[in-house]
Amino acid sequence: QVQLVESGGGLVQAGGSLRLSCAASGRTRSVYAMGWFRQAPGMEREFVATITRIGGSTYYADSVKGRFTISRDIAKNTVYLQMNSLKPEDTAVYYCAAGERVRSLYDLGRPGEYDYWGQGTQVTVSS
């Protein structure tokens with residue numbers, strides 16, 4: 001089992017920045033990739049970004065490309081999501097996820113490819 005705990009959410013004005021963290025514990029060596037998803041009220045869960053744990057390969061949703069950066073610290077078993085130039089439409093609950101199966105970066109854009117999920121952290125961007 002892998003446990004995930006997100007932190008770093010909050011309220012920020014449009015154009016501002018936030019950094020989310022996701023700390024993993026438990027059987028972390030089994031993790032192949034970790035990703036961030038988000039869900040706004042009344043909407044489906046949406047892919048944001050993913051990173052492979054060892055190689056550090058990344059893949060982003062078009063809506064955040066150039067504004068968000070995903071990174072990881074293997075020693076700390078932590079994944080980060082640096083969010084810059086935030087827009088009101090980025091408002092959502094952000095979830096961290098970990099997957100154990102080897103998949104292409106494109107396939108890692110699907111929620112079903114992840115085995116573990118955190119509890120989520122709220123990000124609110126005011127206009």
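Reader: Which residues are linked into a cluster by ring pairs?

Author: This is a predicted model, in which local features need pLDDT of at least 70 and side-chain atom pairs count only at pLDDT 80 or more, whereas totals for chains, interfaces and linings use all residues. Residues are numbered from 1 along each chain as its sequence is written, and side-chain values use heavy atoms, with hydrogens and water left out. Rings of Phe, Tyr and Trp (the last by its six-membered ring) pair if their centres lie within 6.5 Å, and the planes count as stacked under 30 degrees apart, as edge-to-face over 60 and as tilted for the rest. The cluster that ring pairs link together consists of F37, F47, Y59, Y106, Y114 and W117.

Reader: How many residues apart in sequence are the parts that the pair of F37 and F47 ties together?

Author: The structure holds six aromatic pairs, among them the edge-to-face pair of F37 and F47, with 5.6 Å centre to centre and 70° between the planes. Strands here are DSSP runs of E of at least two residues, numbered from the N terminus. Because F37 lies in strand β4 (residues 33–39) and F47 in strand β5 (residues 46–52), the pair ties together parts whose separation in sequence is ten residues.

Reader: What are the relative accessible areas of F37 and F47?

Author: With a 1.4 Å probe and protein chains only, buried means under 20% relative accessible area, exposed means over 50%, and partly exposed lies in between. F37 falls in the buried class, its relative accessible area being 0%. F47 is buried as well, with a relative accessible area of 11%.

Reader: Over the faces of which rings does R45 lie, and at what distances from the ring centres?

Author: A charge sits over a ring if NZ of Lys or CZ of Arg is within 6 Å of the ring centre and within 35 degrees of the ring normal. R45 lies over the face of Y95, where the distance from the ring centre is 3.8 Å. R45 also lies over the face of W117, where the distance from the ring centre is 4.8 Å.

Reader: What is the volume of the largest cavity?

Author: On a 1 Å grid over the protein atoms alone, a cavity is a set of points where a 1.4 Å probe fits but cannot get out, and lining residues have an atom within 4 Å of a point. Grid points are joined across faces, edges and corners, and a volume is the space filled by probe spheres set on the points. By this rule the count comes to one cavity of 30 Å³ or more. For the largest cavity, the volume is about 80 Å³.

Reader: Which strands each supply at least two residues of the lining of the largest cavity?

Author: The lining is made up of A24, T28, V31, M34, R53, R72, D73, I74, N77, T78 and V79. By class it has five nonpolar, three polar and three charged residues, where Ala, Val, Leu, Ile, Met, Phe, Trp, Tyr, Cys and Pro count as nonpolar, Asp, Glu, Lys and Arg as charged, and the others, Gly among them, as polar. The strands that each supply at least two lining residues are β7 (68–73) and β8 (78–83).

Reader: What is the phi of N77, and what is that of S85?

Author: N77 is placed in the loop between β7 and β8 and is partly exposed, with a relative accessible area of 25%; its phi, positive in a residue other than glycine, is near 50°. S85 is placed in the loop between β8 and β9 and is partly exposed at 42%. Although S85 is not a glycine, its phi is positive, at about 50°.

Notes:
On a 1 Å grid over the protein atoms alone, a cavity is a set of points where a 1.4 Å probe fits but cannot get out, and a pocket is an open set with protein on both sides within 12 Å along at least five of seven lines; lining residues have an atom within 4 Å of a point. Helices (H or I, at least four residues) and strands (E, at least two) are DSSP runs, numbered from the N terminus.
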